[in-house]
Amino acid sequence: MASIKVHGVPMSTATMRVLAALYEKDLDFELIPVDMRAGAHKQEPFLSLNPFGQIPALQDGDLTLFESRAITEYIAEEYSEKGEKLLCPGCKKVKATTNVWLQVEGQQFDPIASKIAFERIFKGMFGMTTDPAAVEELEGKLVKVLDIYEARLAKSDFLACDCFTLADLHHLPAIHYLMGTDSKKLFESRAKVCDWVKKITARPAWAKVVALQKQ
């Protein structure tokens, strides 16, 4: 039995982020579904894994972690010799640049992209109605972020450097959902961003994450 256990659901963007890192590292793990509809994430025993009641949680032997971005960084560092590096083994300047783009994803990109995905996709799943005005406002904000990405990607193959890193991987869940909506035009209308999206979404590890949603 795999020593690594992931408690979450494949539809969750945060869970998808962790699964992508595990697949990139070619690690064996067990995905333990959390019944969100029944509120299992707000009850014990899940609260003993994450007291904030949010998925995912990861167990690796006697270590328990929550917060998906912290989990992916642990996976990249703890299993640095396996699979893809995910953190470019360059100089301190490369590490610093990687940290910048990790923060950009979490602070600038995801708060907007996730809200658009909620409006365009998840509201429908919950029987709610999309707010077109909210989508328009959010897309206006995302355009400004993607313009900065376009300029950055003119200087390197990926966001942090010329290697695929966690800075790119962390974007995949939100991009996956948005590319299935009319918001994909925001990415496709920017040549460098469009090429970057094609590269990161075509990775075999990501295909495995998407396949889990269909099981």
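Trainee: How many strands form the open sheet, and in what order?
Mentor: Four strands form it, in the order 2-1-3-4, with mixed pairing. This is a predicted model, where local features need pLDDT of at least 70, side-chain atom pairs count only at pLDDT 80 or more, and totals for chains, interfaces and linings use all residues. Residues are numbered from 1 along each chain as its sequence is written, and side-chain values use heavy atoms, with hydrogens and water left out.

Trainee: What makes strand 2 and strand 4 edge strands?
Mentor: Each pairs on one side only. Strand 2 covers 29-33 and strand 4 covers 63-66. Strands here are DSSP runs of E, at least two residues; helices are runs of H or I, at least four residues; both are numbered from the N terminus.

Trainee: How do you know that strand 1 and strand 2 pair?
Mentor: Pairing requires at least two bridges found by DSSP between two strands. Strand 1 (residues 4-8) and strand 2 have five, in the parallel sense. So the pair qualifies. In one of those bridges, G8 has P33 of strand 2 as its partner.

Trainee: Why is helix 1 called roughly parallel to helix 2?
Mentor: Helix 1 (residues 13-24) and helix 2 pack at about 5°, with their axes 9 Å apart. The classes are these: under 35 degrees is roughly parallel, over 145 roughly antiparallel, 65 to 115 roughly perpendicular, and the rest oblique. So helix 1 counts as roughly parallel to helix 2. Axes are lines fitted to C-alpha atoms, for helices over the stretch in contact, and angles run from 0 to 180 degrees between N-to-C directions.

Trainee: Which residues make that contact?
Mentor: A14, R17, V18, A21 and L22 of helix 1, and S68, R69, I71, T72 and I75 of helix 2. Contact means heavy atoms within 4.5 Å.

Trainee: What else does helix 2 lie across?
Mentor: Helix 2 (residues 68-78) lies across strand 3 (57-60) and strand 4, at about 135° to strand 4. Its buried residues are S68, I71, T72, Y74, I75 and A76. They pack against helix 1, strand 3, strand 4 and helix 5 (166-169).

Trainee: What makes R69 and D110 a salt bridge?
Mentor: The closest N and O atoms are 3.4 Å apart. The test is a side-chain nitrogen of Lys or Arg within 4 Å of a carboxyl oxygen of Asp or Glu. The pair therefore passes. R69 sits in helix 2 and D110 in helix 3, 41 residues apart. R17, R69, E105 and D110 are linked in a network of salt bridges. The whole structure has eleven salt bridges.

Trainee: What separates K141 and E137 along helix 4?
Mentor: They are four residues apart, so about one helical turn separates them. Their side chains meet in a salt bridge at 3.8 Å, N to O. E137 is exposed at 52%, and K141 is partly exposed at 41%.

Trainee: Where is the kink in helix 3?
Mentor: At F109, shortly before the proline P111; helix 3 covers residues 92-125. The kink is about 50°. The bend at a residue is the angle between axes fitted to the seven residues ending there and the seven starting there.

Trainee: Why is helix 4 called roughly perpendicular to helix 8?
Mentor: Their axes come within 8 Å and cross at roughly 80°. That value makes helix 4 roughly perpendicular to helix 8. L146, Y149, E150 and L153 in helix 4 meet A191, K192, V193 and W196 in helix 8.

Key: Buried means under 20% relative accessible area, exposed over 50%, partly exposed in between (1.4 Å probe, protein chains only).
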